[in-house]
Amino acid sequence: MSAFWITLFLLLLAACTLFLAAGWRQRQASTGDRDRLNQRFYHQRVEELAQDEAQGVVAERPLMERELQQTLLADIPPAEAQASHRSSRWILLPGVIVLVVVSLGTYLKTGGLAQFTGWMQVRQAYPELRARLMDPGAKPLSMEELARLQLGLRTALQQEPDNLADWTMLGRLGMVLNNAEIASQAFERALQLAPNDLALKQDYAEVLTRSSDPQDNRQATLLLKSLRKADPQNLRTLSLLAFNAYGQQQYDQAIDAWQTLQGLLPAGDARHAMIARSIEKARSAAGQQGRQLALNVTLTPQAEKMLPQDGVLYISVSDGVSPVPVAVKRLPLSHFPLALTLDDSNAMMPDRLLSAQHQVAVRVRISRDGSATPQPGDWQGQSAVTPWDGQQPIAVEINQQTP
């Protein structure tokens, strides 16, 4: 910061020096020009008098020359006048003051001093912010601190333009801060340094996928397809490809990528249900909605009298052969009779979709305490194994109490 103020002081000093030098030079030049003009006039008159005397026009040349000399001496200011003239140079001092005040005032108003001061503070805080980010046990950085870290990182990269780790970090910070421009530029630079880095390519594809520019989306599609071709079973590539295709309304490609992803996930992975819902959403958007099971649930009068206040309704659909449900749904207890639907988004496993079943058996249970495990006193009902073509509704009456 001191270097900045020293530079500013030197620039102002140079401007004031130039201002004063120009003013003094102009005044000196004007005085010198007048004296030279008077001398030239005197010598010209002397020559004219000599010519007039030679021609017999004038007879008193010495007297007239003395008069010219007296006139010339009268035009030359005395020493006191010259001293007064030099002292009048101080009249330039108000101009110097105005120059300094206007220059400083203009800079403070429009020169970005506040931004410069903030940048200096960020530079000083950058090492600490970076250390906190790298420390798993440290307090997480706020969004404001992440923005300051991003600025500090960009400053550091000016000194180390080939630092791959910092370019990667800058790109990921841009993603967190939703700054697509910085993220894209950072990943492009990082890929120049490491063109075969898979994670960088995926990060860059994600930035392009999030972009609102259709050209960026199409570029992401090409990049992701090349990544899938190189590694067909990469989970992140498949997920990004599905999301990218869905955003461009290429629903068939999105469904294909999600179904491939489902087949690669281990059984019991929590992502199965989310992917199933995404597939159903894509099918619905494409007008290809899978078959849905329409269910009507009723109560016997005795069960209705014993409804728990905070009960939970559990619905499970099986194929009538395996005890493992094909689809499940959990709902807060509501009014009866109840009408609802189940579809593939409620499937338990990606390879056993509800829409693929040709017969179903439905079981409905009211849990008094919300437990997924049946408890004594719970009310339940079950349908028979019923052929199902995806059209006809299934009715279940809750009429039994678990002993």
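Predicted model: local features only at pLDDT ≥ 70, side-chain atom pairs only at ≥ 80, totals over all residues.
Tyr-246 is partly exposed at 23%, whereas Trp-258 is buried at 10%.

The rings of Tyr-246 and Tyr-251 have centres 5.4 Å apart and planes at 70°, so this pair is edge-to-face; rings of Phe, Tyr and Trp (its six-membered ring) pair if their centres lie within 6.5 Å, and planes under 30 degrees apart count as stacked, over 60 as edge-to-face and the rest as tilted. The rings of Tyr-246 and Trp-258, with centres 6.1 Å apart and planes at 55°, form a tilted pair, which links Tyr-246 in helix H11 (residues 235-247) to Trp-258 in helix H12 (residues 251-264), 12 residues apart.

## The chain and helix H8

The chain holds 14 helices and nine strands, which are DSSP runs numbered from the N terminus (helices H or I, at least four residues; strands E, at least two). Of its 403 residues, 35% are buried.

The buried residues of H8, among them Phe-187 and Leu-191, pack against helix H6 (143-159), helix H7 (164-176) and helix H9 (198-210).

## Basis of the values

Residues are numbered from 1 along each chain as its sequence is written, and side-chain values use heavy atoms, leaving out hydrogens and water. Local features need pLDDT of at least 70 and side-chain atom pairs count only at pLDDT 80 or more, while totals for chains, interfaces and linings use all residues.

Definitions and conventions. Buried < 20%, exposed > 50% of the residue type's maximum accessible area, 1.4 Å probe, protein only. Contact = heavy atoms within 4.5 Å.
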